[in-house]
Amino acid sequence: MVQQLAWRNLGPVNPMGRLTDVAVHPSRPRTWLVGSAGGGLWRTDNAGTTWQNVAAGFGTVSIGAIAIAPSNPEIVYVATGEENARNSVQWGDGVYKSTDGGQTFAHIGLRETFQIGHVEVHPTDPDTVYVAALGRLWGGNEERGVYQTRDGGKSWQRVLYVDDRTGCIDVRVHAKDPNTVFACLYERRRDGFDGNDPAVRFGAASGLYKSTDAGATWRRLTTGLPSCQWGRSGIDLWAADPDVMVAIVESERSGWATGSQQRSGGARAAASSGAAPAASTSESGESERPAEAPAGDRQSGPSRSPRGSAVLGIGGEGQGGDGTPAAPGAVLQQLTEGGPAAGAGLKVGDRIVKVGEEAVKNYADLIAIVQDARGGEKTTLTYVRDGQTFAVDVTYGTRDTTGGFGNVANPDYPNGGRLFGQLENRQDRQGPDGFETGGVFVSDDRGETWRRVNSLTERPFYYSVIRIDPRDRQNLYCVGTSLWGSADGGAKFGAIHRSIHVDFHAIWVDPQQSDHLLAACDGGINETWDRGKTWQVLNGFCAAQYYDVVADNSVPYQVIGGLQDNGTWVGPSRTRYRDGITAVDWVTIYGGDGFGAQSDPFEPWLVYATSQNGALGLVDLRSGNQARIQRDRSPTGTRFNWDAPFVLSPHNRLTLYHAGNYVFRGDRYAHLDNRATRSNLTPLRNQDSLRMRCCSPALGRTEQGTATALAESPRVPGLLYVGTDDGALWRSGDGAHTWERIDQHLPILAPRYVSDIVPSHFADDRVYLTLDGHRSDDFATYVFVSQDRGSTWRRLDDGLPSQEPCYAVMEDPRNENLLFLGTEYGCHVSLDRGQQWFALGQGLPTVAVRDLFVQDRDSDLIAATHGRGVFVLDIEALRQCTAAVAKSKAHLFAVEPAILWRMQSRNLQGHRDAKFANPPYGAVFHLWLAEAPAEPPQLTVHDVTGAEVAKVKGRAVAGVQAVVWDARTGQNRLAKPGTYAVQWPGQTGVEARAFELLPDPATLAEVPSSSPTSDRE
């Protein structure tokens, strides 16, 4: 019944999403294959001008590695399951093979390897392949190590295995002696929480191994390499002489003063294990931008505040504004009362142009300078106010640097980078045993002996990829939060990624032109022709990784949502351009990793937005200003999940609930825009704020537990539900005054992450719930309903796959029997309140659906996918489906009003920029056929006099289908606004349906623009 309905992709392409690998055809350099973390495999045959997704037949869309056979480039192997141990990663189902250059693929095995770090093809035999299998991220399994096939994937043999915890992250074959094979083993495991780092990141068996008999036997390489426990590592062999190798190694002693002493000056003796202390969750809201040390920076000591400890009291990255090209600088948009900046007399609106002698071009520059400074230091801020330039001396405040960013700025780890990495170019400070701390290593004898050339290991568990220029061994590249390049064999690295997105995961160096690079990151694919001096960003496809999505009530409505490492974006559901929706139609309003957002239902220009670890703000789209959301201190300190939930009360839009390890409530009163009658009122100002108070007991089952789902009943004011990452579930029936635990009633064997809670629109006591067990190494499908406010629960999984983690459930607000479910692999629908489920529609690829939202007025279901952007489905027909309709032979559904949009075209833009289709122009008629007819159904359209003005044809298929009338009458004239009717001649008992054609609201002078972002063209 639902298979013929079609999803429509809105993009966007400017906030791209994490890419994991890139491969280029050796004889057709314009043909590239790019792997994404959650959006499948992309191919271009014209160097990025246009793109095609070629993963349609894949059972998963998480790509780990791509390998083109050197001896036959038409043979391509793609391994699924991205290799990163990040909290947001997805998993794979083995290896796929193409024999037509990457246009079509077939599955060839290793289904249980879960994540794969690298695929290496024999230099002369395309049927001999090695696979670096990492195995399960949240538990143990046997399918780890190095696998080999000699028959092109028909059969596989595991040739290197240590235990069910240690996998392989990288494997390489010596191009001139293919019997010599290298493998990097790696033990890692995540726990059930969304922390920055894995719970286990070092292992006794982790290290670099070598085989000289094509994998039959292996030995560990040690000479010149760290002797302590390793974390992640990566290698590369020089194409011109494969005896030359490079490696990047994470060591448990990362950041130590020397290879044997943690604290500089010998204040702390050598320790047998130098594992850095566990990171705690940060509430600072500051970016994970790398701290770049100025030349000659001294090591931190006990008498000095560490670098990275400075506080200015202005908010983190994304919480200020940028100047203009003519007036560059950092515009202050919020100030901490009593903070250093406010104490020095700075005000909101001041534009800082210089710190000391260092120029400030934008707000990110200012944050980078502050993050590189030390608490207690003095500096001079030069700023512009009302066209005049001033200078003021400021003393930085000091923040606690022991948590949140790993070992950075900790005096025990003077060389530590953010999140347990190690700073670049510090090797000369760490003594003769500095190699024990990890870094970049070089070997000239096939890995038998090594020498460290640089200390660089930036956030190593997440990156640790190194590449050597095929033409020049002096050119080395390492990926990280920055993209690092060296022109002297690794002695000195510098960042080469200016003006493009950070967080790099793959780099390709052109074997014919050393200046030509491709770099894949969390912002997409980037190309340079001058080794990183300048870049172009190739926004030709959508791999956007959404976490959450909502829509406002603008006309046309706008979609608002948060994305992985790309903040919060606003974009239209349609445009008035025939070209459709493009990158210029999307705008960003909030920084960080984007999560939940919600617009005020009556003032859609006011948007609440969140980023990681509980950062929450209120943005005024008219001005771009923001208001801070402040929280009172909770009894045991405040912690938030990576994706911390919040909700506006459906009964009072001025009441906001937000939850971490406690629930907080805030109320917004000064809300009305009465500037027309009260000239003293202005758009929301940054210095205004909303304070929230703690209103619950500690929520977690454990000390680590934090909220992951939060909801208030749309029927019963004050009936609240909240669930946590460690499986606690709570209910309050009196507006958060008292709370009761109800998770003990769930029919499950062990607590699981609460992914969504949805109280019903139709019954006071009904509530829906989804659980996501994948963080507990449990991939079962959990969706429940309770009819008594959570005192008892019943599973609703009939017709669903048994191994498909659930992320979101949505009840239609007009039809209580209509439910939608978002899972790891797509979207499902139930027409009978969860008794049976069906895969919904066509056009939605295999992709994780993290969130669902129904735009009630327009009858649209909006799906937030974690890898392919936003999709929209017209659900008007599903809302009208009843048992009687399903039993009928044919049915014509009531028709929604249609708007006669005034369309225009943009200037010619070529083909490089991606374009996403608007909805069909005109009126959409939905009809139902129990069986496929012999001839396509034909509908007729009539005006108010009964005269026929148009005929339209459907398709000869069974089920619900959409038939579009383009609002054209005879002689291709556009119909006028008014009342019309559609009939289905020849179908006995099928009544005609009247409908309205409405004028474009933009043509009516009395209707104001609903949002400034609608008209910025």
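Biologist: On what basis are the values given?

Modeller: Residues are numbered from 1 along each chain as its sequence is written, and side-chain values use heavy atoms, with hydrogens and water left out. As this is a predicted model, local features need pLDDT of at least 70 and side-chain atom pairs count only at pLDDT 80 or more, whereas totals for chains, interfaces and linings use all residues.

Biologist: How many helices and strands are in the protein chain?

Modeller: Helices (H or I, at least four residues) and strands (E, at least two) are DSSP runs, numbered from the N terminus. On that basis the protein chain contains four helices and 72 strands.

Biologist: What radius of gyration does the protein chain have?

Modeller: The radius is taken over C-alpha atoms, and the globule rule is 2.2 Å times the number of residues to the power 0.38. For 1017 residues, a compact globule would have a value near 31 Å, with which the chain agrees, having a radius of gyration of 29 Å.

Biologist: What percentage of the residues in the protein chain is buried?

Modeller: Buried means under 20% relative accessible area, exposed over 50%, and partly exposed in between (1.4 Å probe, protein chains only). Of the 1017 residues, the buried share is 62%.

Biologist: How many residues has the largest nonpolar core?

Modeller: A nonpolar core is a set of buried Ala, Val, Leu, Ile, Met, Phe, Trp, Tyr and Cys residues joined through side-chain atoms within 4.5 Å. Those with the most contacts inside the largest one include Phe 182, Trp 450 and Leu 483. Strands that each supply at least two of its residues include β15 (181-187) and β34 (504-509).

Biologist: Which strand holds Gln 157?

Modeller: Contact means heavy atoms within 4.5 Å. Leaving aside neighbours within four places in sequence, Gln 157 is in contact with Val 146, Tyr 147 and Gln 148. Gln 157 counts as partly exposed because its relative accessibility is 49%. The strand that holds Gln 157 is β13 (residues 157-160).

Biologist: Why is helix α2 largely enclosed by the rest of the structure?

Modeller: The buried residues of α2 include Tyr 363, Leu 366 and Val 370. They pack against strands, among them β20 (310-311) and β23 (351-355). Helix α2 (residues 363-371) is largely enclosed because its buried residues number eight of the nine.
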